[in-house]
Amino acid sequence: MNIYKNKYIKNVIVMLFFVFSTTLGFAQETIVKGKITDSEGGLPGVNVIVKGTSGGTITDMDGNYEVKAPADGTLVFSFVGFETTEVNIKGRKTVDIQLEQDAIEMEELVVVGYGTQKKRDLTGAISSVNSEDIMRNTPTDVANALQGKVSGVEVISDSGEPGAGSRIRIRGTSTFTTEGASPLFIVDGMEIESIDAINPQDIESMEVLKDAASASIYGSKSANGVIIITTKKGAKGKPRISVNYKLRASEIAHQIPQINTQQSFDLDALRNFYKGKTPSSVADSLNPVNNNDFNYQDLLHRRAWTHQLDMSIAGGNDKLSYYMSVGYLDEQGIYIKTFNKRLSSRVNVDYAATDKLKIGTRVAMGVTKANPQSSTSRDYLRRSPYWSVIDPDGEYTAYVSSRPNPVAWANLYKNDRTSYDFNVYNYLEYDIIEGLQFKSTIAGSLTAVKMDQFRPALLTTSFKTSSMNEALLNTGWTHEDLLTYRKNIKDHSFNSLLGFSMQERRRESVKLDVEDNLTEAMQISTGFQTVDFNNTKATDSRYRMSSFFARVNYSYKSRYLLTANIRRDGSSRFGINNRWGNFPSVSAGWRFSDESFMDWTNDLLTDGKFRASFGITGNQAASNFASLALYSTDYYSDQVGFYAKQLGNPLLGWETTQQMNYGLDLTLLDGRVILIADYYNKKTNDILYNINIPQTTGFKSLYQNVGDVENKGIEFSLTTVNIKRADFKWKTTINFSKNNNIVTSVPGGEINDAVYTLRDGWTIGTMFGYKAVEIFPWDESNAFTPEGQQLTPVFDSNERFMDQYLLNGEEYTGEVKQILFSNKKTPFKGGDVHWEDVNNDGIIDSDDRTIIGNGQPDFFGSFVSEIEWKRFTLSAIFNYSFGGDVYNYTEWRRSSMRYGNDKPSPILVAKAWKAPGDVAEFYALNTGGTVNNPRPNNSLFVEDGSYIRLQTLRLGYDLPSSVTSKLRLGAVSAYVIARNFFTWTNYSGWDPEVNTRNSVFAIGYDEHSYPRSKDVIFGLNINF
């Protein structure tokens, strides 16, 4: 009995001990490690949450994680685009899982007008750029982020100046005004006029709507394409904190040859010889003003440093998601005293108030301050290198021989520009019934710009100070109501949209321009003696629009696709009879890869689709009161009065563009090869342009619907995964674009802008002027037959003319004629330019101007290579452009030597004609001679602007989780970038990618441009 009792007690004790021990084991926390993968490998950024608590972590760059959790707890793994997975730990120390893509999210979505659509179901020409592609180039602005990423989109950065804007052209130029040639920008559903204040770090994706079928839902503003920018949002899970820092060192990419002091003295002596003066009539080198040898590029350029810091926090739960960021950019320019500083902030919040009601807001704020370089200070290459910039007493020298001191201009001229941007967008979504949703939005924008300029007396020829202060205020609001309905019936899918929109934009300005300020201590327009009444004024301008629009999408098994759009816009800018315009479109797609007769291609063809579309889009790029009769004020003899400034045009209406698009999408070998190709033909009619009218009307110009332009071309993007292994991957992408532009109708028969001329049948960007054939070696080289064939003079061994000419190697005994200057008296001589006599009348005048070049490239594109090896990434981005010309106005300006102290390039001096018999590339350096050799708009300064540029070479490294976990960090990556280090080109200027003239006609015009820099960038990304 005792034995039995003892055994019973013993068993109870053992059982209780076992239960107690097990309970303690489950109650204890343990360290759980693991790796989260998808079908391609480690998955970074996955939320790992201990269920029922707020504790958790996120996976590192390799998908590894480490978290404290109860031994009997449950881990919840969630990531955007994948199914949320719960796993019971069951006392394990290691939990590895592979996440499966969400059935809905597996279909990649693309943002389209007023919604999203499955990428595989697109019927229009839409290209998408994600945040990873954007940040690979570490851009400081949105235009730079887009450059080279999308076929059919040309991004030209006008200069290398910090904060300088860029021209974005989608499928060529279709209009005659600069403001009407840019695409429409939509940011989080809100239309904005400028993208300069947007921090690229905040962008989740950019979609480019290139064809009319995609863009026509935006109607009157979409003729030049649409760029939709979507900023980042929060996601369910633990807050994610991200810190990114970049340090950039920049130097001038290369210098332009500049004449030195000895070469300058030799040139002065040669020019004096031409003028009949003694060679000693040169500048006195003992004079302190002339006792120098400056390379102005060394004086005016520097090594510049740029700091960029971006921080963000994102997170959310079942009801609320949020994303907040702040970014600071401090960018020095390589030209002294120039800079661009930007402080930006963004808050994105979405809240599910109920199961049916969702509200949200997008708030963006920014302050930008810049000090652009003045155009006067850039004109330094023709200044004599021996002229002083600082007097012996240490003060800056003033003008020398009517030439400004560029160093004084750079340091003393005040040219500040400060911009304040505020944008807010609010929305409300309500699910009425299943599939039927109502959305209402209200958006507002405000941009305030303050410009302050001040010129000390030293920088003026009159030795009087001058200043200008201007304040601009741009405001706008937009309200939209949308009703969408989605319905699936077996294999049939319907998606419809009905919407209404109204908006207003207003621009106000106040400007004060004065001279002879009382003191330079106060660099503002106060205490002045003289007012420039023509530039001192206040303005107020606005316009309004109302719109109705609708869209229907139909899909059968995602095999047969159809989309139809219609939009009706009314604008206050147009005449009362033409205020409203209609913009319809239709597009269709056929996924032929899903047909049964294509089964034999299954091993090769993953997906294949044909696309076709036609649509009409509009442009309202006229002044706000273009159709109205306007009055203005003016001053005459200190008297002010009103005058009729503009004739009214009640017939003024919409500029419209019709576009056809045919596309092919191919995916081969399970995504190893992806080809997207398009052919388009778009015709723009009734172009809005302010044309000149006879002055007998009492007016200079009138806005009318005149002119037609046609653009047609091809574009394709080819992406291939060349190698795909467990620890090594190599992917390449080629973008190619070719656009042919022709103007079929020109208002007034001709438009002229500097070297550019436009006529019927010509291309926008056509350069028109005098075409150089050669430099006449001898006076006797100016000899021609009556039919215009050039003769060859014969000389003896002592270079004496034998009064004999040859024609095609045979002695010529017929009549000899000479080409004459436009005065019909003076013949061209040795050292003069032999201009092409287009009309063969023996006289070189304006009738002999001809096409001498074109700024538009024959084709352009990019090549991107991306290599991943273990924790290293290596990417290279090449941009290329071929066939476009550049008119080097900078070189013409200093080489024209229209003033005695102008100094040309030493290359021109070396290649110039100097003595009879010289076979030279440039004319004699005799300040133009008597026949105007350095005449403007000539082919000697038209250069090939083709180039290949290694835009970005990036090497990155992701720290292993074994290191980051000890530091209690998430994913950490570091990288180094070399940018713009190599450009292969024959262009002699700063850079062939240039356009300094604010005109759609002036493509490839280089007038004292800001040099481009080459950069080394160090970056560090840390996630918590």
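Modeller: Here is a term to start with: a residue is buried under 20% relative accessible area, exposed over 50%, and partly exposed in between, using a 1.4 Å probe and protein chains only. The model is predicted, so local features need pLDDT of at least 70 and side-chain atom pairs count only at pLDDT 80 or more, while totals for chains, interfaces and linings use all residues. Residues are numbered from 1 along each chain as its sequence is written, and side-chain values use heavy atoms, with hydrogens and water left out.

Biologist: Is Arg-979 buried or exposed?

Modeller: Arg-979 is found in strand β54, residues 972-985; strands (E, at least two residues) and helices (H or I, at least four) are DSSP runs numbered from the N terminus. Contact means heavy atoms within 4.5 Å, and Arg-979 touches residues including Asn-137, Arg-248, Gln-951 and Asp-1015. Its relative accessible area is 7%, so Arg-979 is buried.

Biologist: Which residues does Tyr-635 contact, leaving aside neighbours within four places in sequence?

Modeller: Tyr-635 is found in strand β32, residues 630-636, and counts as partly exposed because its relative accessibility is 32%. Asn-534 is 101 residues apart from Tyr-635 along the chain, yet their C-alpha atoms are separated by 7.0 Å. With those neighbours left aside, the contacts of Tyr-635 are Phe-533, Asn-534 and Val-640.

Biologist: Over how many bridges do β35 and β38 pair?

Modeller: Two strands pair if DSSP finds at least two bridges between them. β35 (residues 673-685) pairs with β34 (residues 655-668) in the antiparallel sense over 13 bridges, and there Leu-664 stands opposite Ala-677. On β38 (residues 708-724), Val-709 stands opposite Thr-684. The pairing of β35 and β38 is antiparallel too, and its number of bridges is 12.

Biologist: Which residue in the turn between β34 and β35 has a positive phi?

Modeller: These two strands form a hairpin, with four residues between them. In that turn, the positive phi is about 55° and belongs to Leu-669.

Biologist: How many residues does the largest nonpolar core have?

Modeller: In soluble globular proteins, nonpolar side chains tend to be buried together. A nonpolar core is a set of buried Ala, Val, Leu, Ile, Met, Phe, Trp, Tyr and Cys residues joined through side-chain atoms within 4.5 Å. Among those with the most contacts inside the largest core are Phe-176, Ile-764 and Phe-1001, and Ile-764 is in contact with both Phe-176 and Phe-1001. The largest core has 52 residues.

Biologist: How many salt bridges does a search of the whole structure find?

Modeller: Side chains of opposite charge can pair when their charged atoms come close. For the whole structure, the number of salt bridges found is 39.

Definitions and conventions
Salt bridge = Lys/Arg side-chain N within 4 Å of Asp/Glu carboxyl O.
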